Amino acid sequence: KSDLEIVPLESTIVIHSAASTNLFSGPGAEQDILENNQIGTYNIINAVKGCERFIFISTAFCCGIQEDEIPDEFSQISTFNFRNPYEQAKQVVEQQIKKLHETEEFPYQILRPSIVSGRLYDTGLYATPKFDVFYGWAKFFWKMKEMANKQGIRIHANLTGTLNIIPVDYFVKVSLNAMEDNSIQELNIVDHTPSNSVSVLSTILETVGITNFTMVDKMPSDLNQIEKMYYRSVSPALTPYIASNNAKYDASRAKSLHSMDQANVRQHIPELIGFALEQNFVEGY
C-alpha cells in the first residue's frame with residue numbers, strides 16, 4: 001500500500017523477497033508485475049529508508065539474454081534483452097535501489113537466485129511450499145498426461161541448452177553468508193554447473209507419466225490438440241527459457257561463500273517432482 005508506514009530501527013535489516021513470478025508477457029502480466037513487483041517494492045523501500053540495510057531478492061535472469069559471461073555487477077552490462085516484464089521490472093527496481101544509494105546513501109544488497117527448487121540439503125528433503133516455474137510446467141503435463149500420451153507432443157527446446165536450478169536451502173545458506181559480508185552489494189547465486197535442458201525436461205515428463213514426447217529445436221507448425229493447448233498455455237512463459245541460448249554466470253564469489261559440495265539438481269529431479277506429486281501440486285504444504 002502507498003500509505004505503508006514502518007519505522008525501522010537503525011539496526012533493522014530488511015529482506016524483501018516477495019514477488020509475483022508471472023513469466024508471461026502481455027497487458028495482464030505487465031499490470032501484475034507493475035503493481036506487485038515494481039510499485040509494491042517502491043512502497044516498501046519508502047517505508048523502511050531508515051533501516052541498516054535493504055536486501056533485495058532479485059533474479060539472476062534480470063540481465064535478460066546475454067551472450068557473454070554474466071558478472072555479479074550488472075552495471076557492467078550495457079544491453080538488456082528481456083524475455084518478459086518480470087525480468088525487466090526486477091532490473092528497473094535494482095537500478096532504482098542503486099540510485100537511492102547514490103543520492104541518499106541508502107544501504108543495500110542485491111541477491112539474485114536462478115530457478116529455485118525444493119530442498120536438497122536439510123531435513124524435509126525435496127520440500128517446497130510453492131509449485132511454480134518448472135513445477136508449473138510439470139503440473140500441466142501431469143494433468144494432461146492421458147491426452148499427451150495418446151496424441152504425442154513435440155516440445156520446442158534448445159537441444160544443447162542448460163537450465164540453471166538451485167535448491168532453496170543452498171540459496172538460503174549462501175545468502176546468509178553473503179549478508180555477513182558488507183563488501184558484497186550484488187551477487188548471483190546460481191548453479192556452477194547447470195544441467196542440460198533436455199535431460200531435465202525429459203526426466204520431469206517421465207516422472208509425471210509422459211512417455212510419448214519428442215524434443216525439437218524448432219517450433220512445430222502442424223500442431224495436434226495437446227500441442228495447441230501446450231503452446232497456448234504454459235509454453236509462452238517457459239519456452240523463452242528452455243529454447244534460448246545458454247546463460248554463463250561468473251559463480252566464483254557465490255561458490256566461495258559455502259564449503260559444501262553443490263547438490264546435483266538434475267540427479268534429484270525425480271524426487272523433487274515426486275514431492276509435488278505427493279502433494280497433488282497443492283501449494284502450502
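The expected span of a helix is 1.5 Å times one less than its number of residues. Keep in mind that this is a predicted model.

**Stop 1: helix H5.** Select residues 168-179. H5 has twelve residues. From first C-alpha to last it reaches 16 Å, close to the 16 Å expected. Now show side chains. Which residues of H5 are buried? They are Asp169, Tyr170, Phe171, Val174, Ser175, Ala178 and Met179. An α-helix has 3.6 residues a turn, so residues three or four places apart point the same way.

**Stop 2: strand S2.** Keep S2 and colour by burial. Five of its five residues are buried, so S2 is largely enclosed by the rest of the structure. In a regular strand the side chains alternate between the two faces of the sheet. Look at one side of S2 for Arg53, Ile55 and Ile57, and at the other for Phe54 and Phe56. Both faces are covered.

**Stop 3: from S1 to S2.** These strands pair in the parallel sense over four bridges. Pick Ile13: its bridge partner in S2 is Arg53. Then trace the chain from S1 through helix H1 (residues 27-47) to S2; this β-α-β crossover is right-handed.

**Stop 4: from S2 to S3.** S2 and S3 pair in the parallel sense, over four bridges. Pick Phe56 and find its bridge partner in S3, Ile110. The chain gets from S2 to S3 through helix H2 (residues 85-104), in a right-handed β-α-β crossover.

Notes. Residues numbered from 1 in each chain as written. Predicted model: local features only at pLDDT ≥ 70, side-chain atom pairs only at ≥ 80, totals over all residues. Heavy atoms only, no water. Helix = DSSP H or I, 4+ residues; strand = E, 2+ residues; numbered from the N terminus. Buried < 20%, exposed > 50% of the residue type's maximum accessible area, 1.4 Å probe, protein only. Pairing = 2+ DSSP bridges. Right-handed = clockwise from strand over helix to strand, strands pointing away.
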